[in-house]
Amino acid sequence: MSIQIEFFKRTSQVFFKRTSKIGSHQDVTKRAKKVLSAIPHIPINLKGIQHKKIIDNQFVARHVSCQYPEYTILYIHGGGFIGGTPRTYINVSAQLAKKLRAEVYIIKYPLSPEKPFPAAVNHCFDAYQHLLNLKKDPKKIVIMGDSAGGGLTLSTLLKIRDNALPSPRNAVCFSPLANCLIKPEDMAEKAEQDPMISENIVNVCVKNYLPNIEDRSHPYASPALGDFSNIPPIQIFVSTEEVLYQNAIDVWKKATSDGCHVDLVQEKGVLHVWPVMAPFVPESNKALNKAIKFIQEKTLQTLHSNATH
């Protein structure tokens, strides 16, 4: 593993994991929100890439784009449903815009506990509808997300299908939080290995997002339990050492059994949502290149189109 990935592991453990393991539910929530909103952002200017803030009624996003984009990416940021901010993702979005010739909309969505389920899912679905209203070609739209945003990516796919909207091209998820009925033993196995995420913070986030326990089995809350028939191809990245490892496996098993094509990328020695650390980490750049290749793959799109007609 690179020096850079080891640096991110150490800093994540000190500044996030340790502080998320102690204190009351309210204290952990407050600290996590503060940390997630204060992640250092060092913008790197790439030639030919522009970014700006967009406010169009309820559609609020950071728009990162090359001059003549071929693809449109709807990016749903992570943060355990309780925090996170679009500005943190400007650099990785710039890499996508440059390498893929794309425009990236990093959307802002309602956070918990102030706005619990299903507010975030509904907002992400509305954001996709907004892109369609802007006359974006759904065959060129990709939905991407990390952690909780990865789970929301999958939930949005299900809701798009259920509402008979045109399907996006495909989707990419980095370390998705996709099963809010996660078993304690599934997290315990990786708890000591994971340098970033503790079992406690996952439980805190789920309780904030889904205060009503009955909602946790809803497929839009736990898409790993949903029906993935007629869903476009999905690529999932997951570290074999993270507490959400089983979440990714649950999605892979359920989706493939429903006939959805899933490209599962498992990596050792990395950490939760490592692809979003591009361009600073070699392993992140490698992962992002894999995602770009997946997005561009034409054979998968043909197979999905034939299957849904």
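These are my notebook entries on a predicted model.

**Entry 1. Ground rules.** I worked on a predicted model, where local features need pLDDT of at least 70, side-chain atom pairs count only at pLDDT 80 or more, and totals for chains, interfaces and linings use all residues. Residues are numbered from 1 along each chain as its sequence is written, and side-chain values use heavy atoms, with hydrogens and water left out. Helices (H or I, at least four residues) and strands (E, at least two) are DSSP runs, numbered from the N terminus.

Entry 2. I looked up the strand order and found an open sheet of eight strands, 1-2-4-3-5-6-7-8, with mixed pairing. I noted that two strands pair if DSSP finds at least two bridges between them. Strand 1 (50-56) and strand 8 (262-267) are at the edges with a single partner strand each, so one side of each has no neighbour in the sheet. On average, neighbouring strands are turned by 20° against each other, direction ignored.

**Entry 3. Two strand pairs.** Strand 1 and strand 2 run antiparallel and are joined by seven bridges. I found histidine 51 opposite valine 64 of strand 2. The two strands make a hairpin with two residues between them, and asparagine 57 in the turn has a positive phi of about 60°. Strand 6 (residues 170-174) pairs with strand 7 (residues 234-239) in the parallel sense, over four bridges. There, alanine 171 stands opposite isoleucine 234.

**Entry 4. The core.** I then checked the largest nonpolar core, which has 103 residues. Such a core is a set of buried Ala, Val, Leu, Ile, Met, Phe, Trp, Tyr and Cys residues joined through side-chain atoms within 4.5 Å. Buried means under 20% relative accessible area, exposed over 50%, and partly exposed in between, with a 1.4 Å probe and protein chains only. Ile73, Tyr75, Met144, Leu152, Val202, Phe228 and Ile234 touch the most other members. Helix 4 (residues 119-133) gives the most to this core, with eight residues.

**Entry 5. Helix 4 and histidine 130.** Helix 4 lies across strands 1, 2, 3, 4 and 5, and runs at about 165° to strand 3. Axes are lines fitted to C-alpha atoms, for helices over the stretch in contact, and angles run from 0 to 180 degrees between N-to-C directions. I located histidine 130 in helix 4. Histidine 130 is buried, at a relative accessible area of 16%. Leaving aside neighbours within four places in sequence, histidine 130 is in contact with Asp56 and Phe59.

**Entry 6. Helix packing.** Helix 2 and helix 7 pack at about 95°, their axes 10 Å apart. That makes helix 2 roughly perpendicular to helix 7; angles under 35 degrees count as roughly parallel, over 145 as roughly antiparallel, 65 to 115 as roughly perpendicular and the rest as oblique. His25, Val28, Thr29 and Ala32 of helix 2 meet Asn200, Ile201, Val204, Lys207 and Asn208 of helix 7. The axes of helix 3 (residues 90-100) and helix 9 (residues 282-296) come within 11 Å and cross at roughly 50°. That makes helix 3 oblique to helix 9. Among the contact residues I listed Val92 and Leu96 of helix 3, and Leu288 and Ile292 of helix 9.

Key:
Contact means heavy atoms within 4.5 Å.
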